[in-house]
Amino acid sequence: MREFGRAWRAEWPLDPNVIYLNHGTVGVTPNRVLAAQQAIRDDIERQPSRYLLRELTSIVVGRPPAAEPRMRQAANAVAAFLGTRGDDLVFVDNATTGANAVLRSFPLEPGDEILVTDLGYGGVTQAAAFAARERGASVRTAVMPYPVRSAGELVDAFVAAIGPGTRLAIVDHITSQSALVLPVADIAAACRARGVAVLADGAHAPGAIPLDIPSLGVDWYVANLHKWMWVPRSSGILWASPARQQGLHPPVISWGLDQGFAAEFDLPGTRDPSPHLAAPAAIAMMRELGVEAVQRYNHTLAWTGAKHLASAWGTPFDTPEPLVGTMATVPLPETAGRTDDDASRVRDWLLFEDGIEVQVHAFRGRLHARICAQIYNSLDDISCLATGVRSCSLRRAAGDSSVVTP
Ligand SMILES: Cc1ncc(COP(=O)(O)O)c(C=O)c1O
């Protein structure tokens, strides 16, 4: 088999003129999986009513189908990949939808608190704020140590923020901008001991790191398959421990109401189910390439790439290696700026002038770049970013605030 690296870009639909270091943001699907999805769409279009009303879910018109519903077959394949049972896992459009389902179903009462962290994903934190607002509850934010020196200090900061009113905690498995693999199992154990329910947000985890959901000891786990598991957009999952499935409703209620966890989520009205149904094809491809080999390559490239950038920019990167998955976040030189506007300008400069797509953000008064490593990337891509950021700093020093868009 070919070595992973730039040559693999031909297997993905990416623009060959752009260095893509942003795999984690919205995912990219390999050509082969897109072809499998198209075959599913073609199959649907041959007999749409039959496929969608008789074969897709357990809620059917006419006589009961002989085979297991197609959504359940796909869910079983994904569940096996993630160490769990198909009965405990449903598809949702994305991690945000899964988090909304949990937040809107959780019996919050006036005075209750939802605990989030300041490393958490903004969209999910907003959903928590909305659920709290509707019930007279509130959101408390744990301020996490950053930069991080150990997993233990993350657990301590989280646990210290649990208050007497905390009923539900949201913990990211892999944080979005800071790209840290949080010690979810340890945090969940501490929450459980204090009677706090835990929703883990694993948007970036499936396919990126080894994952066995039940072993984490959380109550719910939401994730995206369209980021690191190579499944077409949009495909997410919601896993619920058996004890938490009763009373858990999707944000969109349809025919499956009160007919069980899977039935309720499998049919949120008419939609294109092909992303979810293509998940087995993505799993097959990753297995063929070697799940461990893919994850090892991506992790090593993220880790060595981050070290390379820090050394090129003269900035600190001391994140312990076990807290790094397939993404890594490195501080930019102070000369690159410090505000959200500076971050946007650097990001625009990199894309429109250097052809590099990478996430750049401001956090605690400093700009950071988050690199994503996927098997189509190589260290050369990261070297281009090192040079690109240096020239952004020079442009800024020369007072250039323009961005030339194509
Ligand atoms: C930690 C985390 N949660 C949730 C999301 C939202 O993902 P989606 O927009 O696919 O729901 C992201 C997206 O990057 C994320 O990083």
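A polar contact here is a pair of N or O atoms within 3.5 Å, where within protein one atom must be able to donate a hydrogen and the other to accept it, and where residues adjacent in sequence count only if both atoms are side-chain atoms. The model is predicted, so local features need pLDDT of at least 70 and side-chain atom pairs count only at pLDDT 80 or more, while totals for chains, interfaces and linings use all residues. Residues are numbered from 1 along each chain as its sequence is written, and side-chain values use heavy atoms, with hydrogens and water left out.

Select histidine 226 to begin, in the loop between β7 (220–224) and β8 (236–240); strands (E, at least two residues) and helices (H or I, at least four) are DSSP runs numbered from the N terminus. Its side chain reaches the backbone nitrogen of serine 235 at 3.0 Å. Histidine 226 is buried, with a relative accessible area of 8%, where buried means under 20% relative accessible area, exposed over 50% and partly exposed in between (1.4 Å probe, protein chains only). Leaving aside neighbours within four places in sequence, its contacts (heavy atoms within 4.5 Å) include Val26, Asp93, Asn94 and Pro232.

Next, display the open sheet of 7 strands, whose order is β2-β8-β7-β6-β5-β3-β4 with mixed pairing; two strands pair if DSSP finds at least two bridges between them. At the edges stand β2 (89–92) and β4 (138–142), each with a single partner strand, so one side of each is left without a neighbour in the sheet. Within this sheet, β5 (residues 166–172) and β6 (residues 197–202) pair in the parallel sense over 5 bridges, and aspartate 172 has aspartate 201 in β6 as its bridge partner. Helix α5 (residues 95–105) packs on the sheet, touching β2, β3 (113–117), β5, β6, β7 and β8.

Finally, move to helix α14 (residues 379–397), which has 19 residues and reaches 27 Å from its first C-alpha to its last, close to the 27 Å expected at 1.5 Å a residue (1.5 Å times one less than the number of residues). Its buried residues, including Ile382, Leu385, Val389 and Cys392, pack against β1 (19–20), α12 (291–313), α13 (340–354), β10 (356–357) and β12 (366–372). Just after α14, glycine 399 takes a positive phi of about 80°.

Conventions:
Axes fitted to C-alpha atoms, helices over the stretch in contact; angles between N-to-C directions.
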